Amino acid sequence: MATPPKLYLRKDAQERARLNDQRERQSPQAQQIKHLHLPSGLQRGIPFLISADWSAEDALAAFEIFNDLCEAIWNHYQFPIQDLLREQRRPVGRSPDSSISGIDDPF
């Protein structure tokens, strides 16, 4: 495989540097994912764009694939996921075995 001429490499590096500079100059608000309320709670990251030209059949096929993936992950990792979610959502300072009401069980 032939190596590209150095001119192209230099132009590519310059273009990457220019794009990085633009990203760094954007305000944090501009870098946030806008108008998305993701289940993960993420508000910053790489936007994931979906073509607006999909047909209903394309959208349904993608939805079914992701739904199948979610179900397969849940079926395999259901209990560890539940444990992790319980741990992450537990109020700070509360032990995992404390009762919900905070009162010791009299029985």
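View 1. On a 1 Å grid over the protein atoms alone, a pocket is an open set of points where a 1.4 Å probe fits, with protein on both sides within 12 Å along at least five of seven lines, and its lining residues have an atom within 4 Å of a point. In this predicted model, in which residues are numbered from 1 along each chain as its sequence is written, local features need pLDDT of at least 70 and side-chain atom pairs count only at pLDDT 80 or more, whereas totals for chains, interfaces and linings use all residues. Side-chain values use heavy atoms, with hydrogens and water left out. The largest pocket holds about 290 Å³ of space, a volume being the space filled by probe spheres set on grid points that are joined across faces, edges and corners. Its lining consists of Phe48, Leu49, Ile50, Trp54, Ala62, Phe63, Phe66, Leu69 and Cys70. By class these are nine nonpolar residues, with no polar and no charged ones, where Ala, Val, Leu, Ile, Met, Phe, Trp, Tyr, Cys and Pro count as nonpolar, Asp, Glu, Lys and Arg as charged, and the others, Gly among them, as polar.

**View 2. A nonpolar surface patch that includes Phe66**. Ile65, Phe66, Leu69, Ile73 and Tyr77 together make a nonpolar surface patch of about 510 Å². Such patches are made of residues with over 30% relative accessible area and no salt bridge, nonpolar side chains (Val, Leu, Ile, Met, Phe, Trp, Tyr) being joined within 5 Å, and accessible areas come from the Shrake-Rupley method with a 1.4 Å probe. Phe66, also listed in the lining of the largest pocket, has its place in helix 3, helices being DSSP runs (H or I, at least four residues) numbered from the N terminus. With a relative accessible area of 49%, Phe66 is partly exposed, since buried means under 20%, exposed over 50%, and partly exposed in between.

**View 3. The salt bridge between Asp83 and Arg86**. A salt bridge is a side-chain nitrogen of Lys or Arg within 4 Å of a carboxyl oxygen of Asp or Glu, and by this rule the count comes to one. The closest N and O atoms of Asp83 and Arg86 are 3.0 Å apart. Both residues belong to helix 3 (residues 56-89), where they lie three residues apart and are therefore separated by about one helical turn. Asp83 is partly exposed at 44% relative accessibility, while Arg86 is exposed at 52%.

Methods:
Helix = DSSP H or I, 4+ residues; strand = E, 2+ residues; numbered from the N terminus. Buried < 20%, exposed > 50% of the residue type's maximum accessible area, 1.4 Å probe, protein only. Patch = residues over 30% accessible without salt bridge, like charges linked within 9 Å, V, L, I, M, F, W, Y side chains within 5 Å.
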